[in-house]
Amino acid sequence: MSVMTMVQAINNALDIKLAEDNDVVVYGEDVGVVGGVFRVTEGLQKKYGVERVFDSPLAESAIVGTGVGMALSGLRPVVEMQFEGFSYPAFNQIISNVSRMHNRSRGRFRIPMVIRFPYGGGINAIEHHSESPEALYSHIPGLKVVVPSTPHDAKGLLISAIESDDPVIFMEPKRIYRAIKQEVATGKFSIPIGKANVLAEGTDVTVVAFGAMIRECQRAMVMAKEAGISVELIDLRTIYPIDKETIRNSLQKTGRLVVVAEAQRSFSVGSELIAIANEEAFLYLEAPPRRVMGFDTIIPLAQGEKYFMITPERIFYEIEKTARF
Amino acid sequence: MIFEEFNPSEDKILRIIDNDGRVLRPDLFPEISGDTIVKAWKAMLFERVADEMAVSFQRQGRMFTYPPNKGQEAIHIAAGNVIRENDWLVPAFREVGLMLAKGVTMKEIFLYYNGNEQGSNFKNAPRVLPINVPIGTQLPHAVGIGYSIKYRKENDIVFTYIGDGGTSEGDFSEALNFAGVWQVPVVFTIQNNQYAISVPVSTQTKSINLAVKSIAFGIPGIKVDGNDFFAMYLIYQKASEHARTGKGPVLIEALTYRCGAHTTSDDPTRYRTKEEEAAWELSDPLLRLKKFMERKGIYRENEEKLREQYKKEVEKQFLDAENVAPYALEDVFNYMYVEMPDDLKKQKEEYQQFLAWKGNRK
């Protein structure tokens, strides 16, 4: 065991996979010499050489597009988009090729590829650096979308993502890259994609969240406990394929759902979770499900971000309303 | 060096035979046997017949949209004579003759254009990618494959294709840039057939030609008469040797003409003249090669007889494509993921329940 931040845990996962699998290559903008703008890949080029960990030219579409070529010819590329807002130039490659090559070729070509990027707000960043585009990527058939919430999960999920024969979008909550330190096993372990994690069992309200919002939910739970409300907290870990079973089981117990996510609320993961609640647990529901999510606006720059970002207090406010309904 | 002699910034063009099949540059004439030349001409004729029949099947309502290849056969068959079994082909969608040379069958091509993804599951061509519809996005794939080859220190190379219109796409520039920086073994061919659907090359670029774009990326580029089989054969020999010996990528602009429509849904009379079409017919690649063979006394074929023979072969392939097993519900779901998510299984089962209900309905 070793105390790690999420940055260190991701670095550790990449290190383990680079060491054990010669087909793994890691590249993107600034990931080589400097080790990434967040230092996630620090030291890896020195250890594994410029053929395996390298800086690419600055062009996201080609970073992803070349990854498609590498993946279908036997490599396991792990590419980095420097920020979520810069993944959009690669969107055409992702939606038109990454997600489709296996289906298009009737299984002849696999795309075992990971597209990593930091996402989310709360760091006083400039425009395009605070977004939460999980719904965009989860809507594309052929992709898996994974979002860790702790250093431990980041390591185990990334190892699974690299070992997945299907392409994975791996979204890293940059706000807690270094904010959480945790004991993480130093050896290899993996956490399955497609399974949610029940972080706290409770009986009154089910709260579903992921990524950086887990920490905010845990803070809200302290307030809920003081108010005598028992919260069941589910960390999705994987957005797609979403773990309906865990959500259904929880709702059959609590009958109350609060979804917490920082993305715009309409046509979102929150929308999908409410659909799941209706389809899977309609007769168990005791209160209208609630979405504690961003407005359907552009996320404001730093000065206005306080209105947009989800705080523990706001989560508690919605938990209490739902519990008392 | 050929790339220096035919410097694209001076708008030079590599041409070896003229429209009457006369050799203009004996010094550049490639080493190629008479037998290979005859076989190449036959392969071009087969592509032409298959293509004409595809259009005709579409007109009969037996096939959906199809993009004709007519007029571009010299490029495809020249490449087909140089590409090796282990080399990769990353096509756009107008390279039928080359796909056939790599082991793809007309049955598969017909199956694809008749709306069945099994037509991209090339049984005898594991290193040919499916036809790529979103313009230009295939080029980065070729560069990525090139990276794999270089990473594994293998000897194979990648052939990839794009049209003149595709050179305006960002992925064209990004791919050439990456290929130059990474020095990967990729032979890029722009099939400049003059039109992107209805839009002429002059609307795509202010560059004096398309090969000249290679200069900005620091890679060799050359403009070639794409209707001249020998010029294309020579340049593919040179380019593949360049790529195979670790010297990096090459960009070829093959000047040609799309004799047919963009696809069977297109009507070229709306944007080009009969005179223009007639002028290009004079440089028809099959005709030129036939005239060359006649001059050399190596043409002993009966074209009409060959056409009849090829028609029968193509027809059989078409019937085979028409007679594949019906598209099953499973085919919609089975290939989305290597490991099918539970929810997809459930969506399939729900639809099966609907089908069962429908079947029992009076």
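Within chain A, 25 residues of domain 1 touch 23 residues of domain 2, a contact being two residues whose C-beta atoms, placed from the backbone, lie within 7 Å. On the domain 1 side, two or more residues each come from helix 6 (134-138), strand 6 (144-146), helix 7 (151-163) and strand 7 (168-173) of chain A. Sorted by class, that side holds 11 nonpolar, eight polar and six charged residues; here Ala, Val, Leu, Ile, Met, Phe, Trp, Tyr, Cys and Pro count as nonpolar, Asp, Glu, Lys and Arg as charged, and the others, Gly among them, as polar. Helices (H or I, at least four residues) and strands (E, at least two) are DSSP runs, numbered from the N terminus.

This is a predicted model, in which local features need pLDDT of at least 70 and side-chain atom pairs count only at pLDDT 80 or more, while totals for chains, interfaces and linings use all residues. Residues are numbered from 1 along each chain as its sequence is written, and chains are lettered from A and ligands numbered from 1 in the order in which they are written.

The domain assignment of chain A puts domain 1 at 2-184 and domain 2 at 197-324, with bounds taken from an automatic or database assignment. Over C-alpha atoms, the centres of the two domains of chain A are 26 Å apart.

Chain A also has an open, mixed sheet of seven strands, in the order 3-2-4-5-7-6-12. Strand 3 (53-55) and strand 12 (238-240) of chain A sit at the edges, each pairing on one side only; pairing takes at least two DSSP bridges between the strands. Strand 6 and strand 12 of chain A run antiparallel and are joined by two bridges, with Val146(A) partnered by Thr238(A) in strand 12. Helix 7 of chain A lies across strands 2, 4, 5, 6 and 7 of chain A, at about 160° to strand 7; the axes are lines fitted to C-alpha atoms, for helices over the stretch in contact, and angles run from 0 to 180 degrees between N-to-C directions.

Between the chains, 34 residues of chain A are in contact with 31 residues of chain B. Helix 3 (60-72) of chain A is one of the elements that supply at least two residues to the chain A side, and its eight residues are the largest share.

In chain B, all eight residues of helix 5 (106-113) are buried, that is, with 20 or more other C-beta atoms within 10 Å of their own, C-beta atoms being placed from the backbone. They pack against helix 2 (34-59), helix 4 (96-101) and helix 13 (303-322) of chain B.

Terms used: Buried ≥ 20, exposed ≤ 12 C-beta atoms within 10 Å, placed from the backbone.
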